[in-house]
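Welcome! Here are some exercises to work through with the sequence and the 3D view side by side. Try each task before you read its solution.

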Amino acid sequence: MSKKKKIQKTLVEKILDKEKVDYIPMTFETESDGDTQELVTDKSTRDGYKIYKTLVLTGNKTGPLVGMLPLDKHLSYKMLAKLSGNKKVGMVPLKDLIKTSGFEHGANSPVGIHSLHNYPIFFDNEAEHSEKIIVSAGKVGQSILIEPHALAKSVNATFGDFAVDNPE
């Protein structure tokens, strides 16, 4: 009989444990093409909770910053720029993502980025009104279900409106 492989805690989970922030670990099926793993889901919710994406951007005044918004929403660059005190914000190019955030595409986490860098972090207001949200645990295929106010407090995040239904 083979032993069930125990999933090791990610850096994000270890940080949250140390800070005594409650969360529930979750896993998502992934698909590998040999070199990279991609998240296999086109759903924006799981178990009734919204999945949030972590976008790494750069502002013309602040430099790197992080935007957290529901998977089914689009980023308003103008609204996030205004909220963050920038005139313009733009996505960090994929080739520079690991160098900027410390994480690969699909594994960016506000907790992990906050632990490595002191970038400003912004959560869309929809999170402020949610009981719990799902965010990456810092590894492709691993996520956490967490109370958004506890998460925002642990990463010193600001809530604001910048997610829209249709792109600009």
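## Exercise 1: Strand 7 and its partners

Strand 6 (residues 52–59) pairs with strand 7 in the antiparallel sense, over eight bridges. Strands here are DSSP runs of E with at least two residues, helices are runs of H or I with at least four residues, and both are numbered from the N terminus. Two strands count as paired if DSSP finds at least two bridges between them. Before going on, note that this is a predicted model: local features need pLDDT of at least 70 and side-chain atom pairs count only at pLDDT 80 or more, while totals for chains, interfaces and linings use all residues. Residues are numbered from 1 along each chain as its sequence is written, and side-chain values use heavy atoms, with hydrogens and water left out.

**Task.** Find the strands that pair with strand 7, and decide how covered strand 7 is.

**Solution.** 
- Step 1: Begin with strand 6, which forms a hairpin with strand 7, with three residues between the two. In this pairing, threonine 58 stands opposite proline 64 of strand 7.
- Step 2: Move on to strand 10 (residues 121–124), which pairs with strand 7 in the parallel sense over three bridges. Here valine 66 has isoleucine 121 of strand 10 opposite.
- Step 3: Recall that strands of a sheet pair through backbone hydrogen bonds, either parallel or antiparallel.
- Step 4: Check the cover. Seven of the eight residues in strand 7 (residues 63–70) are buried. Buried means under 20% relative accessible area, exposed means over 50%, and partly exposed is in between (1.4 Å probe, protein chains only).

## Exercise 2: A sheet with a helix across it

**Solution.** 
- Step 1: Follow strand 1 to strand 12 (residues 142–146), an antiparallel pair joined by five bridges. The bridge partner of threonine 27 in strand 12 is glutamine 142.

## Exercise 3: Leucine 16

**Task.** Is leucine 16 buried or exposed, and which residues does leucine 16 touch?

**Solution.** 
- Step 1: Locate leucine 16 in helix 1.
- Step 2: Leucine 16 has 0% relative accessibility, so this residue counts as buried.
- Step 3: List the contacts (heavy atoms within 4.5 Å). Not counting residues up to four places away in sequence, leucine 16 touches Val21, Tyr23, Val111, Ile144, Ile146 and Ser154.
- Step 4: Compare sequence with space: leucine 16 and serine 154 are 138 residues apart in sequence, and 8.1 Å apart from C-alpha to C-alpha.

## Exercise 4: Salt bridges

**Task.** How many salt bridges does the structure hold, and which residues are linked in a network?

**Solution.** 
- Step 1: A salt bridge is a side-chain nitrogen of Lys or Arg within 4 Å of a carboxyl oxygen of Asp or Glu. The structure holds seven.
- Step 2: Take glutamate 126 and lysine 50, whose closest N and O atoms are 2.9 Å apart. This pair links distant parts of the chain, with glutamate 126 in helix 5 (residues 125–128) and lysine 50 in strand 5 (residues 49–50), 76 residues apart.
- Step 3: Take lysine 73 and aspartate 165, which meet at 2.7 Å, N to O. Lysine 73 counts as buried at 16% relative accessibility, whereas aspartate 165 counts as exposed at 53%.
- Step 4: Join them up: Lys50, Asp72, Lys73, Glu126 and Asp165 are linked in a network of salt bridges.
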